[in-house]
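Here is a short report on one protein model.

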Amino acid sequence: MSLETGEHLPVLVRRETGMPLTLPARWVMRKRRLEVSYNTISNDLYGLADLFDWGRSHFSEDLEQFLSEGGQLSPSYLDSLLVFVRERRYEKDGEMVYRTVQTAAHRIASIQQFLAWAADPFGRGRRSEGDIVSPEELQAYRSRLKATFEPLRKAQGKSTRPDPLTQEQDELLEGILSPIGLREGDVSFGRFPAKNPFQPSTRLRNWLLYALLRHHGLRRGEALKVKVGDVDTAGNPKVRIRRRPNDPDDSRAPAPRVKGMESEVLLNRTLAHGIKAYMTNFRLSGHRCKGTTYLLTTRRGTPLSTSYATRIFRILRRRHPILNGVTPHALRHTWAEEMASYLFEEKGNSEEVISLLREAGRWKPGSTMPQHYVQNAIRFETNKIIRQRQNRFDD
């Protein structure tokens, strides 16, 4: 559905009437749209489709009404739902096949979150003064959901993360994309290496995108969502990360999404000067589309899209096979690995490092990603100490 603000949100509709289900729509509006991206919400609703399909054969009354009134599924119902989700089949190449365990695990994870939310009257919007659940009862229900669904949820496995850049890949990208004189401190933002594969009018923009991801840890969507007014190049240079899920000025389809928390990211002065040069001398040249407020644009003056940003790295991979597997997100992972090692060397306290890294990377409070990077940093430091110790025996 499209809101008056310009924000687009997926909805779950009844197959017979095409009308949206109220409770899932409320869940999306009140909770999920503030936490996750559009694609995650869409995947969540596929899980809820399983839930309400199951409910049609197990409830004489409407399952949505039952949940809206604070109804809680009994253990036998939860077991039945688990079997339904796991054993659901679909047609593939003319045959009916069972869905994979991983797909079923993702569906059941969305269902568990939704049922826990629906059971809390203050979360879903209380209908009456009598619609109250004690904290103990609510916690007991959430524990029941977890105990029932956890065995299948474990089948989700860990998400596949792109590998950070190797040293060779890192040095090659820096050498190709950076303006001449960057390392010597006498940088010229209009001159780039001859091996840079892009048009002269886009080279500075592409370096800015690269530097924001690789050296400042922005996600691709965060970089593409930056507006001119979000950048402060004077004093202490910084860029403000804003979510803007409902920006009517964003005509891109699909629009880039800001996945993490809103925050300010400090910029090094070289990048700040580069952004200023881009806005002054490059961004506006050939600017045929008036009014766009987004920082990174195409040569036609339209906001840079997600697919266009991905294409930049596809061109680099095609020109240099050594960059195989390098994506925009791999740059952020490289930044996170580097930042975790630096913080660990400075602080030495893993809990403090996790908190600092979570803040720097704009991860949500419950995210375990910072812990992953800190564990890698601890492993690296441990191996370094072991090597130093072994070298003493070799001398």
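## Cores and helix packing

In this predicted model, Leu-173 touches Leu-165, Ser-178, Tyr-210, Leu-316, Leu-323, Val-326 and Leu-331, leaving out residues up to four places away in sequence. The largest nonpolar core has 42 residues, and Leu-173, Trp-207 and Leu-209 are the ones that touch the most other members. Several elements each supply at least two residues of this core: α8 (167-177), α9 (200-214), α10 (220-225), β4 (238-241), α11 (269-282) and α12 (306-319). The largest share comes from α9, with eight residues.

Next, α4. This helix spans residues 75-86, twelve in number. From first C-alpha to last it reaches 17 Å, close to the 16 Å expected at 1.5 Å a residue. Leu-78, Leu-81, Leu-82 and Val-85 of α4 are buried. Seen down the axis of α4, its buried residues fall within an arc of 100 degrees, so they line one face of the helix. Their cover includes α2 (38-58), α5 (101-118) and α7 (135-153).

How do α9 and α12 cross, and at what angle? Their axes come within 12 Å and cross at roughly 95 degrees. The two helices, α9 and α12, are therefore roughly perpendicular to each other. The table gives the residues that make the contact.

| Helix | Contact residues |
|---|---|
| α9 | Arg-205, Asn-206, Leu-209 |
| α12 | Tyr-308, Ala-309, Ile-312, Phe-313 |

How values were computed: Residues numbered from 1 in each chain as written. Predicted model: local features only at pLDDT ≥ 70, side-chain atom pairs only at ≥ 80, totals over all residues. Heavy atoms only, no water. Helix = DSSP H or I, 4+ residues; strand = E, 2+ residues; numbered from the N terminus. Expected span 1.5 Å × (residues − 1). Buried < 20%, exposed > 50% of the residue type's maximum accessible area, 1.4 Å probe, protein only. Arc of directions from axis to C-beta. Contact = heavy atoms within 4.5 Å. Core = buried A, V, L, I, M, F, W, Y, C linked by side-chain atoms within 4.5 Å. Axes fitted to C-alpha atoms, helices over the stretch in contact; angles between N-to-C directions. Parallel < 35°, antiparallel > 145°, perpendicular 65-115°, else oblique.
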